[in-house]
Amino acid sequence: MTRIAFRPSSKGLFSLALLIVIFILAKLFSDDNTVLDGLTAITLILLAFGLIDLLQSRRQPSLTIKRTLPGQLSFNHWHHLKYHIKNTDTHQAKLQLREHINNDFILEGFNTNQTLEPDEELLFQGRIQSLKRGAATVGPLEICLHSPWQLWQSYWLIDDVLDVKTYPNFERLRQQHLQGISNLPIAGLKQRKKRGSGTEFHQLRDFRQGDSIRQIDWQATSKRQKLIAKEYQEERNQQVIVMLDAGHKMNIETAIGSHFDAALNALLMLSHSVLKQGDWFSMQSFNQHERWLSAVKGAQNVSQVMNHFYDLQPDESASDYIKAVNSLLSKRSKRALVLVVTTLNEENFDDLLPALKSLQRHHLVALVNIENVALSQTINSDIESVSDANRYCAALELKNHYQAHLKRIEKAGVICVNCQPEHLLTYVINTYLNVKHAGLL
């Protein structure tokens with residue numbers, strides 16, 4: 001514990017100011033030296049008290065302070081920050097607490113002014129919210145301690161820094177895991193019936209009402225003298241690769257966070273579904289700083305995907321799709337479902353289509369465009385002035401421009417998905433499941 005500042009308290013300053021005023025009034029309205037001598041004596045006594053109080057406030061406080069905070073925080077989610085304070089001194093301790101945190105955190109909900117009697121312990125808690133993914137620190141903790149007669153304040157710094165990591169908010173994923181389900185049911189997901197092909201044998205079991213006659217294994221039926229059916233499961237060991245744009249276009253802010261935050265949340269949830277299905281999952285971010293996770297398999301590796309990308313942030317560079325595709329092809333040539341997740345603008349299409357065609361030679365490609373909600377808001381807003389009409393026409397023209405280019409890309413054989421950020425999770429998992437159920441890989 002280190003002292004970093006020292007100053008008189010408001011009570012001490014008020015006492016000094018009051019004494020000065022009394023001296024001035026006595027000097028102006030009284031010629032009796034006895035009054036002045038009395039005031040001088042009182043002043044000396046108060047100064048002696050102030051000096052004694054000053055000496056007592058300079059010694060290090062006998063306080064034990066412990067803070068408790070989860071090491072893993074969820075993005076934009078409130079967590080409890082708990083304090084345990086014990087006063088081991090023989091005097092009362094009146095103090096104020098202040099956490100040294102940056103603008104990436106919001107701290108609220110607890111009383112910073114505390115008073116502890118000798119040998120008293122105090123437990124209380126506040127709330128903290130992290131506004132940015134990644135590794136960060138909370139602290140150190142600053143204490144403002146009042147002197148025994150509250151004439152002075154000394155400031156002490158406890159160099160106890162809490163290391164935390166902020167992950168995307170996966171409360172929904174945890175609920176699915178607790179319920180023992182993989183990726184269904186999720187609101188809005190569509191299912192297709194299995195085609196018969198695109199599935200692999202799983203096991204033999206007793207024939208049940210509703211099973212197809214084609215499922216009957218006649219050889220096993222004749223041996224056991226009862227109907228035995230074959231049970232199939234979705235093909236496993238398929239490859240799913242995500243290409244995530246980490247350029248400046250993904251910094252667009254919405255009510256649920258930026259486009260990049262929405263994309264990262266949805267894609268990490270997708271990795272959970274893919275790994276639960278027994279498939280391989282790979283992911284590459286592209287732009288100024290490329291980050292690559294090679295193929296992983298198995299539900300136990302969800303944390304590996306999360307830890308690899310939880311602190312990823314978009315940069316200010318423009319998207320270079322051709323460079324990103326060439327980089328991916330140098331790593332993976334085995335056929336896979338590749339989801340290119342980005343936000344398009346009018347400058348991207350000339351480079352995007354050649355890059356997707358190059359990717360198509362080796363993979364099944366799906367383009368997932370996160371639509372700028374500002375366009376829809378402008379188109380759906382009321383028109384009350386000429387400027388509103390101009391904005392409406394410009395937004396409508398821009399949206400038609402995007403849709404025309406997306407149709408061109410779709411005609412080239414690319415799966416095209418165009419959705420708003422809040423619906424991204426549903427669309428990416430739908431795309432994966434529909435491709436898997438249709439046996440397109």
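Between which two strands is the loop where proline 140 is found?

1. Proline 140. Proline 140 sits in the loop between strand 9 (134-138) and strand 10 (141-146). Strands here are DSSP E runs of at least two residues, helices are H or I runs of at least four, and both are numbered from the N terminus. The peptide bond joining glycine 139 and proline 140 is cis, with omega about 5°.

2. Basis of the model. This is a predicted model, in which local features need pLDDT of at least 70 and side-chain atom pairs count only at pLDDT 80 or more, while totals for chains, interfaces and linings use all residues. Residues are numbered from 1 along each chain as its sequence is written, and side-chain values use heavy atoms, with hydrogens and water left out.

3. Overall make-up. The protein has eleven helices and 22 strands. Of its 441 residues, 45% count as buried. Buried means under 20% relative accessible area, exposed means over 50%, and partly exposed lies in between (1.4 Å probe, protein chains only). Take the contacts in the protein with a separation of 6 or more: residues 24 or more positions apart account for 73% of them. Contact means heavy atoms within 4.5 Å.

4. Helices 5 and 6. Helix 5 (residues 259-276) packs against helix 6 (residues 302-309) at an angle of about 160°, and their axes are 9 Å apart. That makes helix 5 roughly antiparallel to helix 6. Axes are lines fitted to C-alpha atoms, for helices over the stretch in contact, and angles run from 0 to 180 degrees between N-to-C directions. Angles under 35 degrees count as roughly parallel, over 145 as roughly antiparallel, 65 to 115 as roughly perpendicular, and the rest as oblique. Helix 5 gives Leu264, Leu268, Ser271, His272 and Leu275 to the contact, and helix 6 gives Val302, Val305, Met306 and Phe309. By class, the contact of helix 5 with helix 6 has seven nonpolar, two polar and no charged residues. Nonpolar covers Ala, Val, Leu, Ile, Met, Phe, Trp, Tyr, Cys and Pro; charged covers Asp, Glu, Lys and Arg; the others, Gly among them, are polar.

5. Helices 7 and 8. Helix 7 (residues 321-329) and helix 8 (residues 349-360) pack at about 15°, with axes 8 Å apart. Helix 7 and helix 8 are therefore roughly parallel to each other. From helix 7, the contact uses Tyr321, Ile322, Val325, Leu328 and Leu329; from helix 8, it uses Asp351, Leu352, Ala355, Ser358 and Leu359. The contact of helix 7 with helix 8 divides into eight nonpolar residues, one polar and one charged.

6. Threonine 88. Threonine 88 is in the loop between strand 4 (78-87) and strand 5 (93-99). Threonine 88 is partly exposed, at 42% relative accessibility. Leaving out residues up to four places away in sequence, threonine 88 touches Ser62, Leu63, Thr64 and Asp119. Leucine 116 is 28 residues from threonine 88 along the chain, and their C-alpha atoms are separated by 9.7 Å.

7. Positive phi. Asparagine 76, a residue other than glycine, has a positive phi near 60°. Asparagine 76 lies in the loop between strand 3 (72-74) and strand 4, and is partly exposed at 37%. Glutamine 225 is not a glycine either, and its phi is positive at about 60°. Its loop runs between helix 4 (218-224) and strand 14 (228-234). Glutamine 225 is exposed, with a relative accessible area of 70%.

8. Cysteines. The structure holds zero disulfides, a disulfide being a pair of cysteine sulfur atoms within 2.5 Å. Cysteine 393 is partly exposed at 47% relative accessible area. Cysteine 416 is partly exposed at 24%.
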